[in-house]
Amino acid sequence: MTGFVMLLGLGFVLTRGDAQPNTVKKIANGVWFREGDIKNLGHCNNAIIEMKDYLIVVDANFPSGARLVLEDAKKLSSKPVKYVFDTHHHGDHAYGNPVWTQQGAITLAYVGVAEEMKRYEPARWRDTAKSRPDVAEMKLDVPEPPKETFSKSPKIIDDGTRKVEFYFFGWAHTRGDGFVYLPKEKVLCSGDAAVNGPYNYTADGNVKNWPEVIKAAQKLDVQYVLPGHGPAGGKEILEGQREFMVALRAAVADAVKSGKDKDGKLAATAIQLPASVKNWVGDGLQAQVQDAYNEIKQNKAAGDLPH
């Protein structure tokens, strides 16, 4: 959205410094991770999951990203893409929906994604089209919502060769955050509810509840985490993401108690975060601090406040 802009099989844990945009890595048999180029193209990451007769892709990406993922999927398998799962409503994860449906795929999401798309994305779509030719070229007034939604979690797809579970654990990054879990392979696709690096966007989020969502995901038997942004890794991504949100809110609360805020604002320099969460600290920290501050002062989730 505007303004937001087989190593694992060998047992290695990838870190932020190991970023490899536009590469595809095999995570398990029939499961691949494609790292998007967020820095230059604004693209999210994708997962490609092979079923008996078709493929499942996690996240629609921007239109230009969708086309790149489609190209790579064809290189991996001759099977068609049947389902594309939107982990949430943001443009870098869902604006590519028309690219996929035009290829015959079914876009799928938790019902909250469709609701958030109606709430936020018509205006954001039009704004994004001014700066992104791939969005403008879709020639649509509003983004295309997922064709199918579910409200009961988990939704399960099991074709006898592989079981895929789609979960909603609550409001973290957005009100509709979806997770994709492969129980046999112990792979979790986390969308932007858990990222690996300084990619957290909190304006639509619920900073207070975010750690609870991650804790719910941590109850799954997970070996590999495929985040919405940043390199793939293991369970440390979930724990680091949870610790960052806990530390952020605690540090902001301490700063408020100490009277470090002024005129309804709190500077990022007024808080101190532990070194253990430095992987998640970056240029977006000031916005994250202000969102957490607004939550505390108004006792409402950031996403429920004007932004």
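A search of the whole structure finds nine aromatic pairs, a pair being two rings of Phe, Tyr or Trp (its six-membered ring) with centres within 6.5 Å, called stacked if the planes are under 30 degrees apart, edge-to-face if over 60 and tilted for the rest. This is a predicted model, in which local features need pLDDT of at least 70 and side-chain atom pairs count only at pLDDT 80 or more, while totals for chains, interfaces and linings use all residues. Residues are numbered from 1 along each chain as its sequence is written, and side-chain values use heavy atoms, with hydrogens and water left out.

**Aromatic pairs**

- The rings of Tyr54 and Tyr83 have centres 5.9 Å apart and planes at 70 degrees, so this pair counts as edge-to-face.
- Because Tyr54 lies in the loop between β3 (46–50) and β4 (55–58) and Tyr83 in strand β5 (residues 81–85), the pair ties together parts that are 29 residues apart in sequence; strands here are DSSP runs of E with at least two residues, and helices are runs of H or I with at least four, numbered from the N terminus.
- Both Tyr54 and Tyr83 are buried, where buried means under 20% relative accessible area, exposed over 50% and partly exposed in between (1.4 Å probe, protein chains only).
- Tyr110 and Phe168 form a stacked pair, with 3.9 Å from centre to centre and 5 degrees between the planes.
- That pair links Tyr110 in strand β6 (residues 106–110) with Phe168 in the loop between β9 (163–167) and β10 (179–182), 58 residues apart.
- Phe85, Tyr110, Phe150, Phe166 and Phe168 form one aromatic cluster.

**Charges over rings**

- Lys82 lies over the face of Tyr54, at 4.9 Å from the ring centre, the rule being that NZ of Lys or CZ of Arg is within 6 Å of the ring centre and within 35 degrees of the ring normal.
- Arg132 lies over the face of Phe62, at 3.7 Å from the ring centre.

**Helix α8**

- The 22 residues of helix α8 (residues 236–257) should span 32 Å at 1.5 Å a residue, and the end C-alpha atoms are 31 Å apart, which agrees; the expected span is 1.5 Å times one less than the number of residues.
- The buried residues of α8 include Ile237, Phe244 and Val256.
- Just after α8, Gly259 takes a positive phi of about 70 degrees.

**The whole protein**

- The secondary structure comes to nine helices and 12 strands.
- Of the 307 residues of the protein, 57% count as buried.
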